[in-house]
Each structure stands twice: as structure tokens, then as C-alpha cells.
Amino acid sequence: MDRRKFIHVAFTNLGALALGPQLSSAGFGVQERPQQENGTRQPSSSSGPMGTTREIDLVAEVAQFEVASRGVFERWLYNGQFPGPEIRVQEGERLRVTVKNMLPEGTTVHWHGIPLHNPMDGVPDVTQPPIGTGETFVYEFEAAPSGSFMYHSHFGFQSDRGLVGPLIVEEKKAHIDYDREYTLVLTDFLPGVPVPLGSATSGGGNAMGMQVPPYVGLLINGRPPEAPAVFSVKTGERVRVRLINPSGATIYRFAIGGHPVTVTHADGRPVEPFKVDALHIAPGERYDVLVDARNPGAWPIAAQPDNDLPPARAILRYTDSNELSPREGALPEGLTGGRMLQLADLRGLNLPEPRKPNRTFNLALSGGMRGPGGMMGPGGMMGTEWLINGQAYPNAAPLEIRQGETVRIRMLNQSAMPHPMHMHGHFFRVGNVIKDTTIVWTHTGHVELDFIANNPGNWFFHCHNLYHMEAGMGRLIRYVSTE
Ligand SMILES: [Cu+2]
């Protein structure tokens with residue numbers, strides 16, 4: 001099967017019927033599929049005919065956000081919410097999102113993971129000029145393929161001020177069965193203004209190169225560990241959990257106490273179900289998992305970061321059990337042991353036949369803190385640059401490809417930090433799965449990915465650690481015409 005099957009950018013049905021605002025009504029983390037008596041599931045949104053257009057309004061604005069028990073913080077948010085409102089549509093519907101910018105500076109919105117038409121990709125000065133203060137911009141594209149995606153500002157450090165949200169494209173027919181579903185958005189929380197790491201004013205990190213922004217906590221659906229979100233289940237149910245990581249810089253180890261998880265989708269694309277005790281999820285990645293509720297009680301859901309902060313927490317609570325909360329401080333066993341998901345465990349459904357690449361790029365990922373005598377950073381003596389083949393974007397040569405080619409990118413990580421590399425506009429094959437973001441682990445970790453050049457334009461390919469991206473770890477992929 002041709003990989004192009006996954007890539008739909010057809011602009012059809014322009015005369016489609018416009019419906020009213022269709023933000024999901026059930027609110028965050030409480031998406032619930034009504035259970036029928038026979039146990040089968042119903043769609044959680046009304047399905048329109050093909051050609052339905054969903055109209056969404058997003059306002060990017062300065063807002064006050066209360067983190068339970070920790071106080072109120074000024075953040076830049078979509079519609080005053082953190083994370084932003086869940087946008088939920090059906091596969092094949094058109095999405096028309098009117099973004100109004102009420103921020104004191106320009107902005108853009110990127111529809112992370114959706115292989116849409118290049119002008120809708122939301123990368124400032126690459127696919128569009130920034131939306132100015134007080135201006136609006138209409139993004140319109142076909143919501144395909146199905147999967148768990150996210151949207152976020154792609155302008156500077158804005159996503160770490162809070163401009164992130166989940167985007168769910170429901171399958172017409174899923175390869176799995178389940179009784180209800182929840183969306184879990186994992187975020188690191190920065191109370192102040194994000195600045196480049198390594199600069200004199202950043203206040204984050206330490207002297208030895210493991211640089212971390214000054215996050216004060218990790219949240220699941222906007223809630224801190226001491227006031228966690230609660231996800232209800234009943235014994236015997238099967239729950240679909242959509243894990244979405246729009247964090248600025250945090251890779252998590254995710255697990256649920258007393259329950260293995262069965263991975264069913266990687267970056268929204270279906271895989272053969274595979275059961276594990278824990279998985280890593282990096283900025284930009286999404287995993288859908290199934291949880292079989294066969295162990296009544298109240299269990300910790302946790303995401304352990306790759307830094308010193310306490311794990312993000314939530315609660316899996318059986319409504320037919322007397323326990324309301326896990327034991328104080330209890331963490332899932334999967335955070336320290338058990339079977340950890342490896343990419344090689346997964347096999348995508350309907351995988352295309354591998355094709356011999358027409359073009360291969362070898363990319364060395366490097367960088368980190370530069371000491372005195374090295375390159376000066378914006379803050380003074382210490383600075384940080386993150387490089388691909390020695391170049392820091394935007395002072396970096398585009399990767400030039402031609403339409404129709406199979407392109408291979410081989411990455412070697414020569415640095416001491418992992419890099420979740422994300423490609424715009426295309427899915428790629430890595431191992432036996434189709435993804436759009438993949439972690440290149442530290443110390444000569446290497447990854448080889450293949451994609452088909454079937455979506456012309458200028459596309460960003462970058463590390464999804466915001467601080468690495470802003471310090472140069474990105475390249476443009478540019479389609480050049482065939483002579
Ligand atoms: Cu990185």
C-alpha cells in the first residue's frame with residue numbers, strides 16, 4: 001500500500017455547510033462515551049455528512065490561570081484555557097479555525113502532525129507572516145487522517161507561555177473497541193517569561209550542561225500533582241487514553257498503577273496493539289493506549305520527567321470501588337520497572353512496502369552549553385547553540401528534495417541531551433511505524449527515517465524541545481522543481 005494513502009491534502013467540498021462552534025462540550029479530560037447496554041460505543045460527536053465544515057474560534061490572549069493551590073499566574077492562552085480547548089472533529093471533515101490575536105506581539109498556530117496544505121502550516125515567515133496584534137487569520141484544512149494531534153503557537157517561545165491545545169480527529173472506524181475515552185495533556189509549567197537557556201537571565205539549568213527551563217511543576221490537564229485530575233472507570237470497562245505531550249522541554253516516563261497499558265496508536269497512526277508497563281513520551285509525541293479496568297480501587301497515573309521535578313499525577317478511580325485516592329505518595333510500579341515500550345515493539349497497520357531512497361541526508365545533532373572562549377550567547381559569558389551539521393537555524397542550508405522522491409534522513413546525536421525531532425507536513429516511517437516525531441537518544445543515539453516527498457512547500461524539520469529549536473536545531477525542507 002502506498003504511503004500516500006496517509007496523506008490527504010485534497011481541497012474539495014469548498015461549498016460545504018458551515019456549522020456553529022464545535023468545541024467539544026464535555027470539557028477537559030472528561031470525554032466520555034455513553035455506554036450502551038450491549039457495551040458497544042457511540043461516537044462522542046455528532047457525525048455530519050462528508051463535506052461538513054467545523055467552525056472554531058480561537059482567541060490568543062493574555063489571561064489569568066489558576067493552578068490549583070499554587071495561585072494565579074498570568075499566561076498567554078487560547079480562549080483563556082490551559083491547555084487550550086480540545087478541538088474534536090471527524091476524519092475527513094474540514095476544519096476552519098479563526099484565530100484572533102489579542103497578544104502584544106505576533107503569533108501563528110501550527111496544527112502539529114496534520115499533513116496539510118503548506119500555507120496553513122503556521123510557521124512564521126516560512127508559511128505565513130505572523131498574525132499581528134488585533135488581527136485575525138483563518139486556517140482551513142481537511143482534518144485527515146484520524147488521530148491524536150495538537151495545536152500550538154509556533155512563534156518564538158510562545159508555546160511555553162501556554163499556547164498549546166489538543167486536536168482530536170476521530171476515526172470513521174477504529175481498529176480497537178473501547179467503552180470511553182480520556183485525553184491527557186502533559187505539560188511542564190513555567191510561571192514567568194520563557195527566555196533562551198544559558199543566558200544570564202534564564203535562571204534555569206545548572207553549570208554542567210543539563211539545562212532545564214525554570215519550570216515549577218508538571219501538570220496533567222492543567223492540574224498539579226497535589227490537586228490531580230480524576231478519571232473515572234467502572235470495572236470491566238476498556239478505556240482509551242490519548243496521551244499528548246505539548247511540553248516545552250520535558251520527556252516523560254508514563255505509567256498507571258496496577259494496570260499495564262496497550263499501545264494502539266503512535267503519533268495518531270494505528271499500530272498493532274502492544275502491551276507494556278510504561279512508555280516514554282517526548283514533546284511533540286502522542287500515544288493512544290487502552291486500559292482494561294480489571295483492578296478495582298484508586299490508582300496513580302503518573303508521568304516522571306527527565307528532570308528533578310516531582311512526577312505529574314492524576315488518578316484512575318473506579319466508581320464501583322470505595323477507594324477515592326491512591327495511598328499518599330504512591331507511584332506506578334512502571335516508573336521504576338516492568339516492560340518499557342521500545343519503538344521496535346510497534347508495528348503500524350497497513351505499512352507501505354519499503355522503498356529504496358532516492359536521496360539521503362546524514363544529520364549530526366550537536367550543541368549544548370558553550371563556556372567562556374566558546375561562542376557567546378545572548379546573555380553574556382555562557383550561551384547555548386543547538387546545531388544540525390554544525391549550523392544553527394536560520395543560518396542553515398535548507399534540505400532540498402524533489403516531489404515524488406523517497407527521502408531518507410539519518411540522524412546521529414552527538415550531544416548529551418535527547419532530541420525529539422519533528423517533521424512538518426509529512427509522516428515518516430521509523431522502524432515499522434509511521435510517526436511525525438521521534439526521539440534521538442543521547443550519546444550517539446541514531447535514528448533513520450524515510451518519507452515520501454508528496455506535499456510540496458517549505459516545511460520545518462526541528463527538535464521539539466522548544467529551547468533547542470529556538471537555539472538553532474532546525475532545518476527547512478524545501479521542494480525544488482525537477483529540471
Ligand atoms: Cu533537542
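Strand β14 (residues 252-256) and β17 run antiparallel and are joined by three bridges; strands here are DSSP runs of E with at least two residues, numbered from the N terminus along with the helices (H or I, at least four residues), and two strands pair if DSSP finds at least two bridges between them. Within this pairing, Phe254 has Leu279 of β17 as its bridge partner. The model is a predicted one, in which local features need pLDDT of at least 70 and side-chain atom pairs count only at pLDDT 80 or more, while totals for chains, interfaces and linings use all residues. Residue numbers start from 1 along each chain as its sequence is written.

Both strands belong to an open sheet of five strands with mixed pairing, ordered β12-β20-β19-β14-β17. Its edges are taken by β12 (229-233) and β17 (279-281); each has a single partner strand, so one side of each is left without a neighbour in the sheet. Direction ignored, neighbouring strands of this sheet are turned by 25° against each other on average, with axes fitted as lines to C-alpha atoms (for helices over the stretch in contact) and angles running from 0 to 180 degrees between N-to-C directions.

A second open sheet, also of mixed pairing, holds six strands in the order β11-β10-β13-β18-β15-β16. Here β11 (217-220) and β16 (269-276) stand at the edges with a single partner strand each, so one side of each lacks a neighbour in the sheet. From one strand to the next, the twist averages 25°. Five bridges pair strand β15 (residues 261-266) with β16 in the antiparallel sense, and Val263 finds its bridge partner in Phe274 of β16.

Beyond its neighbours within four places in sequence, Leu243 is in contact (C-beta atoms, placed from the backbone, within 7 Å) with residues including Leu184, Leu186, Phe254 and Ile281.

Turning to strand β22 (residues 383-388), Trp386 is found there. Trp386 is buried, with 25 other C-beta atoms within 10 Å; the cut-offs are 20 or more for buried, 12 or fewer for exposed, and partly exposed in between. Leaving aside neighbours within four places in sequence, Trp386 contacts Gly367, Cys463, His468, Ala471, Gly472 and Met473. The C-alpha atoms of Trp386 and Tyr467 are separated by 8.8 Å, with the two residues 81 apart along the chain.

Methods
Contact = placed C-beta atoms within 7 Å.
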